[in-house]
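Subject: Structure handover

Hello,

Here is the structure for you to look over. Please open it alongside this note.

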Amino acid sequence: MSKLTFLFLLFTGFAFSQTFDKAYAEKIENAQEIANQFLNDVKIPGMSISVSKNGKLIWSEGFGYSNIQTKQKVNPSVTQFRIASISKSITAAALAKLVDDGKLDFDGSIYTYIPDFPKKTYDFTVRQVGGHIAGVRHYNGNEFILNKKMTIVEGLDIFKDSPLKFKPGSDYSYSTYGWNLLSIVVQNASGVEFNKYMTETIFNPLKMDNTELGLSDVDMPNRTQFYIKTNSGDIKLGVPVSNEHKVAGGGFIATSEDLVKFGNEIVNPTILSKASVKELVTPLYTDDGKSTEYGIGFGVVKTKNDTPRYSHSGGGMGATTFLMMYPEENIVISIVTNLSQVPIRQLTAKLEDVFID
């Protein structure tokens with residue numbers, strides 16, 4: 001038995017309760033039981049879950065440890081997790097803000113905003129890139145675990161000379177590199193460095209005080225450690241990676257509570273217009289008329305009640321995450337973990353059953 005596995009056995013069942021609304025006591029009790037069972041079954045080192053109703057946090061709880069060697073407990077208000085591809089949803093809000101300010105057109109050519117990007121066989125738009133129907137490729141080989149710190153502009157060199165996979169609009173193919181392109185769009189359209197723009201325009205107004213770029217070469221004291229599970233079931237630290245160059249598509253770190261704040265902006269916009277948010281959560285269609293069930297940075301499906309659910313999952317080195325927004329029920333649920341390849345949809349389905357009547 002490895003040292004990390006032994007330490008894991010010491011903390012199973014531990015939970016740090018931060019927020020508890022008595023009006024929802026029965027639902028929360030059921031959700032706690034589900035969460036603890038899931039944590040123990042999957043052997044997740046640390047997890048944080050936050051839920052809001054009508055814009056108010058009704059349940060926020062940390063489970064396990066952010067560092068299982070030092071036994072640092074997860075605190076949902078403080079512990080920062082890699083949110084992985086939920087970063088796409090947050091970057092989408094920046095695109096919407098630029099549309100509101102008249103600085104961006106969702107249907108404008110990518111070359112309008114990045115004129116020096118290598119010309120492809122076809123033109124393609126901001127909307128098509130944001131909806132994964134532009135044909136921009138995803139990771140090849142070991143690109144997912146690159147550990148070379150680069151700027152977002154330098155990150156373009158990884159894929160800029162690759163041809164499009166298909167004629168834009170004709171198919172759907174998920175691409176984090178497409179969102180690398182969109183970070184340059186935000187930067188060029190705003191005239192402000194991307195991370196500064198995100199902080200000043202999205203994070204600060206929404207009081208997302210614990211959301212920021214995850215730095216690969218800096219000790220960030222509230223940031224969790226990042227774990228993987230071996231084939232034999234042992235828990236160990238994942239390999240170091242640098243996500244700075246792809247921050248827009250998978251490089252932010254945040255608390256579960258900050259993600260709920262963001263989700264509530266999508267449900268009830270305050271800094272964005274309702275019109276621009278609607279653009280983000282309207283599913284795109286391929287040329288053959290098939291829905292992608294994805295807008296611009298948001299998955300869009302129906303609940304068991306046939307009401308809309310906006311969501312995004314995230315998977316990174318030492319991270320599996322999920323953010324769900326229910327506009328008609330006015331509920332937001334965020335789940336963040338510090339373990340790779342967690343079967344998180346099993347948990348999201350059960351929590352949805354609890355909180356969506």
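Below is what was found, grouped by type of contact.

This is a predicted model, in which local features need pLDDT of at least 70, side-chain atom pairs count only at pLDDT 80 or more, and totals for chains, interfaces and linings use all residues. Residues are numbered from 1 along each chain as its sequence is written, and side-chain values use heavy atoms, with hydrogens and water left out.

Salt bridges

The count comes to 12 salt bridges. The rule asks for a side-chain nitrogen of Lys or Arg within 4 Å of a carboxyl oxygen of Asp or Glu. One of them joins Asp21 and Lys56, at 3.1 Å from N to O. Asp21 sits in the loop between strand 1 (15-20) and helix 2, and Lys56 in strand 3 (residues 56-67), so this pair ties together parts 35 residues apart in sequence. Helices (H or I, at least four residues) and strands (E, at least two) are DSSP runs, numbered from the N terminus. Asp21 counts as buried, at 12% relative accessibility. Buried means under 20% relative accessible area, exposed over 50%, and partly exposed in between (1.4 Å probe, protein chains only).

Two further bridges are worth a look. Glu143 pairs with Arg137, with the closest N and O atoms 2.9 Å apart. Both Glu143 and Arg137 are buried. Asp101 pairs with Lys97, and here the closest N and O atoms are 3.7 Å apart. Asp101 counts as partly exposed because its relative accessibility is 40%. There is also a network of salt bridges, which links Asp107, Arg127 and Glu279.

Nonpolar cores

The largest nonpolar core has 65 residues. Such a core is a set of buried Ala, Val, Leu, Ile, Met, Phe, Trp, Tyr and Cys residues joined through side-chain atoms within 4.5 Å. Ile110 and Phe124 have the most contacts inside the largest core. Leaving aside neighbours within four places in sequence, Phe124 is in contact (heavy atoms within 4.5 Å) with residues including Ile110, Tyr111, Phe117, Leu164 and Leu181. A second, separate core has 31 residues, among them Val42, Ile68, Leu339 and Val354.

Aromatic rings

The count comes to 11 aromatic pairs. Rings of Phe, Tyr and Trp (its six-membered ring) pair if their centres lie within 6.5 Å; planes under 30 degrees apart count as stacked, over 60 as edge-to-face and the rest as tilted. Phe159 and Tyr177 are stacked, at 4.8 Å centre to centre with 10° between the planes. This pair links distant parts of the chain, 18 residues apart: Phe159 is in the loop between helix 6 (152-155) and helix 7 (176-190), and Tyr177 is in helix 7. Phe159 is buried at 3% relative accessibility. Tyr177 is buried at 0%. Ring pairs also link Tyr111, Phe117, Phe124, Tyr139, Phe144, Phe159 and Tyr177 into a cluster.

Two single residues

Met198 lies in helix 8 (residues 194-203). Met198 is buried, with a relative accessible area of 0%. Beyond residues up to four places away in sequence, Met198 touches Ile90, Thr91, Ala94, Phe203 and Phe252.

Gln32 lies in helix 2 (residues 25-42). At 19% relative accessibility, Gln32 counts as buried. Gln32 touches Trp59 and Glu61, again not counting residues up to four places away.

Best wishes
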